[in-house]
Amino acid sequence: MKILVAVKRVIDYNVQIRVKEDGTGVVTENVKMSTNPPDDNAIEEAVKIKEAGKATEVVAVTVGEEKAQETVRKALAVGADRGIHVKVDGILEPLAVSKILQKIVDKEKPDLVFMGKQAIDDDCNQTGQMLSALLNWPQATFASKIDVKENKLEVTREIDEGLETIEINVPAIVTCDLRLNEPRYASLPNIMKAKKKPIEEIAASDLGVDVSPRLEQLKVEEPPKRKAGIKVANVAELVQKLKNEAKVI
Amino acid sequence: MAILLIAEHNNKELRPFTLNAATAASQIDADVHAVIIGQNSTEAAKQLSELPVVKKVLSVEGAHYENFTAENFAPVIVKLAENYSHIICSANTFGKNLMPRIAAHLDTSQVSDIIKVISPDTFLRPIYAGNAFATIKSNDAKKCVTIRPTSFDPCESTGGSAAIEKIDASEEFSNTKFIKREEIKSDRPELGTARIVVSGGRGMQSGDNFKLITEIADKLGAAIGASRAAVDAGYISNDHQVGQTGKVVVPDLYIAVGISGAIQHLAGMKESKVIVAINKDGEAPIFSVADYGLEADLFEALPQFMEELNKLNTIQK
């Protein structure tokens, strides 16, 4: 079984982002970038499945500018076998990314495609579901447990009401939750080895996909600030304030 | 053209966020139709027809719709889509799972998780865990939009009498099979709609210690929340998680106990009307959003909090 894992480069989850003064976006210059956190879970799961002898190859793919390749290199350092970098300038909408990934799936013919359930920059939560629609494959979103069976997966999904278990036939798409596993760190020798693993570069424009934007971002602004609160000295004061000042209990 | 609202339900009754999505839909255009897809869901369809903002109900029944599988739901909506300018549902796990599948079939760029309708083609949505708001204009002919339920008031639930039209089921998608759903039953209010939420974080140190939170929640008629750290550590189940990848809550009162206030947690609760933080680390980021901060050891503060509540003559419910 072959697993394709899609990874995205985003502003690191620990960075407090800043909105640009001209309202055109957020500041990305000189800001720490990382792999989108649940994409790390997607890579980890694919590598674990391979280590368990249930997959033969793990291919990491990213769609993005020059530096996005770092995320593929990181995936290679934690166990992916080879990489694909679809080069494109600017930010693509999830619909465009899913169309590009569809072309990569046509070419690579994986049995499974894994990715994070949501990117922590645009918070869209769309790409996996869109790709599975375009391919007419089953989708298991928000996966917190995956059991690989013969030609199918049993997946536990995190839903608002609790947990749901579904069985999907391969080929299939899985979008991964942060609780799926604990991503490993790359060891130094593996980082060195990853530098020798191949990354195929493909220009998005060669794929014949319409990636033109359908959405216009008219403005990006800071959310309204909360006014500063106070510290209370003890529990009695807190309860008194909640009762008599805020009037919420 | 009319707006198509996708109803969320459990086959017996509407799920509450359908009412919030209906409000959002009616802000785009007054001509709102609602589709309900399920199995033996006539009672829920009737509830839907009683929402005054809904002008027409489309009902689809089939055994393969019993468990809300997106692969089965999407073709029904796609078939209906030609008559509608917008397709709307909530940005909870139901809508997040379903809507992109519809949007891709319609070759539409979805607008996710909006918090405001600015005009029929322009919406406000949070990005970067709510640390920025983006104003987005959609240039697609058809617009697929998911709405953040807590940003829209629920619509009136009675007084309407829309016609219910039965429509044909689509074929079953055979490559996805539902196995089971483990719902955590509780007598407490639902986290997403509760007036008060009491949440615990890593500082709780164990699942057992959550009983300190449970006690207070019961006293206040509150729902119980948790940070991702507490869920990851196994103190409490995932349906309690508040944050960027969990639930977004906007209660009148949010009490954060032993929660440091990571960006991704703040994303899920910082719009709450009144925020209380109880934490022994005075530098914890949670204090930056708290109206009332108490720097204290939670294992001393929570029993005292319970004592103080017991002293009150009345508690709002």
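1. Helix 6 of chain A is followed by Lys247(A), which has a positive phi near 55°. Helices here are DSSP runs of H or I with at least four residues, strands are runs of E with at least two, and both are numbered from the N terminus. This is a predicted model: local features need pLDDT of at least 70, side-chain atom pairs count only at pLDDT 80 or more, and totals for chains, interfaces and linings use all residues. Residues are numbered from 1 along each chain as its sequence is written, while chains are lettered from A and ligands numbered from 1 in the order in which they are written.

2. Stay with helix 6 of chain A, residues 235–245. Its buried residues are Val235(A), Leu238(A), Val239(A) and Leu242(A). Seen down the helix axis, these buried residues fall within an arc of 95°, so they line one face of helix 6 of chain A. The arc is that of the directions from the helix axis to the C-beta atoms. Asn244(A) and Glu245(A) are exposed and sit on the face turned away from the buried side. Buried means 20 or more other C-beta atoms within 10 Å of the residue's own, exposed means 12 or fewer, and partly exposed lies in between, with C-beta atoms placed from the backbone.

3. What covers that buried side? The cover includes strand 13 (230–232) of chain A. From chain B it includes strand 15 (274–279), strand 16 (292–295) and helix 8 (298–311). Contact means that the C-beta atoms of two residues, placed from the backbone, lie within 7 Å.

4. Now the interface. Chain A puts 65 residues into the contact, and chain B puts in 73. Several elements of chain A each supply at least two residues to the side that touches chain B, among them helix 3 (94–108), helix 4 (127–135), strand 7 (139–149) and helix 6. Strand 9 of chain A gives the most, with eight residues. By class, the side of chain A that touches chain B has 30 nonpolar, 15 polar and 20 charged residues. Ala, Val, Leu, Ile, Met, Phe, Trp, Tyr, Cys and Pro count as nonpolar, Asp, Glu, Lys and Arg as charged, and the others, Gly among them, as polar.

5. Strand pairing crosses between the chains. Strand 9 of chain A runs antiparallel to strand 11 (residues 176–183) of chain B, joined by seven bridges. Glu164(A) stands opposite Arg181(B) there. Two strands pair if DSSP finds at least two bridges between them.

6. Chain B holds an open sheet of seven strands, paired in parallel, in the order 5-9-4-1-2-3-10. Strand 5 (111–114) and strand 10 (163–166) of chain B are the edges, each pairing on one side only. Neighbouring strands of this sheet are turned by 25° against each other on average, direction ignored. Axes are lines fitted to C-alpha atoms, for helices over the stretch in contact, and angles run from 0 to 180 degrees between N-to-C directions.

7. Look at strand 2 of chain B, residues 32–38. Four bridges join it in parallel to strand 1 (residues 2–6) of chain B. Leu5(B) has Ala34(B) as its bridge partner, and Leu4(B) stands opposite His33(B). Strand 2 of chain B also pairs with strand 3 of chain B, in the parallel sense over seven bridges. In that pairing, Ile36(B) has Ser59(B) as its bridge partner. Six of the seven residues of strand 2 of chain B are buried, so the strand is largely enclosed by the rest of the structure.

8. Which hand does the β-α-β unit of strand 1, helix 1 and strand 2 of chain B have? It is right-handed, with helix 1 at residues 17–28. Right-handed means that, with the strands pointing away from the viewer, the path from the first strand over the helix to the second runs clockwise.

9. Chain A overall has six helices and 13 strands. Its C-alpha atoms fill a box of roughly 65 × 45 × 40 Å along the principal axes. Of its 249 residues, 47% are buried.

10. Ala60(A) is buried, with 32 other C-beta atoms within 10 Å. Leaving aside neighbours within four places in sequence, its contacts include Val5(A), Val7(A), Ile43(A) and Val72(A).
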